[in-house]
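Please keep the structure in view while reading.

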Amino acid sequence: MSRYTCCAGYMPCSGRCGESRCPEFCLATEVFLCFGNSVASTRFLLQDEFNIQTTKCDNCIIGFMFCLQQVACIFSIVAMIVGSDELSEASQLLNCLSDMVYCSVCACMQTQHKIEMDKRDGKFGPQAMSVPPVQQMSRIDQPFPPPVGYPQPAYGQPYGYPPPHAQGYPPPAYPPHGYSK
């Protein structure tokens, strides 16, 4: 709480709300009175701190939420101007639906916030998806592999070019045993 600033410093009122004297009260006030700004500013803060980009899926969900709220607002205005009870009920239904989507999106955002802060604070322990340690293969008990890519010469015939040897294995002795010029 020693670092707390209202709306994470992203709003014009940030730093002017007495956060330094009573940060707990200011945080409670921010969450209850400015819930949307609180969630959005926390998201911006974490994205800036950890260099996290918003995904296309996030943009789509947030855009859908905003569009639904705008349509609900337009229906409310049209229902008020026209005075139709059916449009008024439709606008209330759309408004309720947009509020449900908004609360769901905010809950998802806050879950993302919690995970990022837990990662930052080391509450996950060792990373489950970390790079495994370097492993060495033992070649002591493995037989020498046959040459790859070249046919074996007939018995007693000289080799043409030496076959490529596998990485890490010693090259075969040339000329073959029993062959002389």
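At 9% relative accessibility, Arg43 counts as buried; the term means under 20% relative accessible area, whereas exposed means over 50% and partly exposed lies in between (1.4 Å probe, protein chains only). The side chain of Arg43 meets that of Asp58 in a salt bridge, with 3.2 Å from N to O. Asp58 lies in helix 3 (residues 56–82) and Arg43 in helix 2 (residues 35–50), so the pair ties together parts that are 15 residues apart in sequence. Asp58 is likewise buried, at 17% relative accessibility. A salt bridge here is a side-chain nitrogen of Lys or Arg within 4 Å of a carboxyl oxygen of Asp or Glu, and helices (H or I, at least four residues) and strands (E, at least two) are DSSP runs, numbered from the N terminus.

The structure holds five salt bridges. Another of them joins Arg120 and Glu49, whose closest N and O atoms are 3.7 Å apart. This pair links distant parts of the chain, Arg120 in helix 4 (residues 85–120) and Glu49 in helix 2, 71 residues apart. Arg120 is partly exposed at 33% relative accessibility, and Glu49 is partly exposed at 39%.

Within helix 4, Asp118 and Lys114 lie four residues apart, about one turn of the helix. Their salt bridge brings the closest N and O atoms to 2.9 Å. Asp118 is buried at 12% relative accessibility, whereas Lys114 is partly exposed at 44%. Elsewhere, salt bridges that share partners join Glu49, Arg120 and Asp121 into one network.

Residues are numbered from 1 along each chain as its sequence is written, and side-chain values use heavy atoms, leaving out hydrogens and water. In this predicted model, local features need pLDDT of at least 70 and side-chain atom pairs count only at pLDDT 80 or more, while totals for chains, interfaces and linings use all residues.
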